[in-house]
Amino acid sequence: MRLHSYDLEGRGKVTVFLTATSVLLAWLLDIGLDAANFEPQWWLYVPSFAGFYSTQYWLFDNYVWRWRLWRNLGLLMHDVSVSIIQRWSKLLVRLETESSKSHSLSGALTATDVGNPELSYLYINEPKALAPNAMNTHRGTAILELKGNVLEGDYYTGRGRTTYGSMKVAKVICQS
């Protein structure tokens, strides 16, 4: 199974960050080589930038993107609040991020002897007043599996946005 790309707000900021740090590292390499009285050929500087960029990209893509630092800087990932209100005959899922709110329009709980319980729902998402201009009201679907105290799974949006990805939320039980 091959991994595929997906849309993610903030990806451009990370590319700018990786480019800037690659330029900085190539410049520091030049300073270090000058201090060592070593003068390489001019054509070695371009591969040094590309080498720094590709190494940082690989590290970021495989490991670094998970660090909480990026979320704190507002570059990657979004903190979300999910509320699931359930009665015997009804269900409502609400999700809120910094830039939008959504709620379920329909849903299903599936529990089998084979796997973990699963929550599937159709939602409508509405941007908040200060959301990026690219955001608009849209519909989407989420399919989340309960694994211990964590709901995790995939979501995708409808026509117009065509974005998709994964989410993982910790379960907190509230009695009211």
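Biologist: Quick one to start: is Lys 128 buried, exposed or partly exposed?

Modeller: Lys 128 is partly exposed, with a relative accessible area of 30%, where buried means under 20% relative accessible area, exposed means over 50% and partly exposed lies in between, using a 1.4 Å probe and protein chains only. Before going on, note that this is a predicted model, in which local features need pLDDT of at least 70, side-chain atom pairs count only at pLDDT 80 or more, and totals for chains, interfaces and linings use all residues. Residues are numbered from 1 along each chain as its sequence is written, and side-chain values use heavy atoms, with hydrogens and water left out.

Biologist: What does the side chain of Lys 128 meet in a salt bridge?

Modeller: Its partner is Glu 96, at 2.6 Å from N to O, a salt bridge being a side-chain nitrogen of Lys or Arg within 4 Å of a carboxyl oxygen of Asp or Glu. Because Glu 96 lies in strand β2 and Lys 128 in the loop between β4 and β5, the pair ties together parts that are 32 residues apart in sequence. Glu 96 is partly exposed as well, with a relative accessible area of 33%.

Biologist: How many salt bridges are there by that rule?

Modeller: The count comes to 3. Lys 147 takes part in a salt bridge with Glu 145, where the closest N and O atoms are 3.9 Å apart, and in another with Glu 152, where the closest N and O atoms are 4.0 Å apart. As for accessibility, Glu 145 is partly exposed at 24%, Lys 147 is partly exposed at 37%, and Glu 152 is partly exposed at 26%.

Biologist: Stepping back, how many helices and strands does the protein have?

Modeller: There are 3 helices and 7 strands, taken as DSSP runs numbered from the N terminus, with helices being H or I over at least four residues and strands being E over at least two. Along the sequence the pattern reads α-α-α-β-β-β-β-β-β-β.

Biologist: Which strand does β3 pair with over 10 bridges?

Modeller: That is β4 (residues 118-127), which pairs with β3 in the antiparallel sense, and one of the bridges has Ser 120 in β4 as the partner of Ala 108. Strands β2 (residues 91-96) and β3 (residues 100-110) are also antiparallel, joined by 3 bridges, and a hairpin of 3 residues connects them. On that side, Arg 94 has His 103 in β3 as its bridge partner. Two strands are said to pair if DSSP finds at least two bridges between them.

Biologist: Which residues make up the largest nonpolar core?

Modeller: It has 10 residues, namely Val 93, Leu 95, Leu 119, Tyr 121, Tyr 123, Ala 142, Leu 144, Leu 151, Met 167 and Val 169. A nonpolar core here is a set of buried Ala, Val, Leu, Ile, Met, Phe, Trp, Tyr and Cys residues joined through side-chain atoms within 4.5 Å. Two or more residues come from each of β2, β4, β5 and β7 (164-170), and β4 gives the most, with 3. Apart from this core lies another, of 5 residues, among them Leu 18, Phe 60, Val 64 and Trp 70.

Biologist: And what is Leu 144 in contact with, leaving aside neighbours within four places in sequence?

Modeller: Its contacts, meaning heavy atoms within 4.5 Å, include Leu 119, Tyr 121, Leu 151 and Met 167, and also Pro 117, Glu 118, Glu 152, Gly 153 and Asp 154.

Biologist: Changing topic, where is Asn 37, and what is its phi?

Modeller: Asn 37 sits in the loop between α1 (11-35) and α2 (45-62), and its phi is near 55°, a positive value in a residue other than glycine. Most residues other than glycine have a negative phi. At 72% relative accessibility, Asn 37 counts as exposed.
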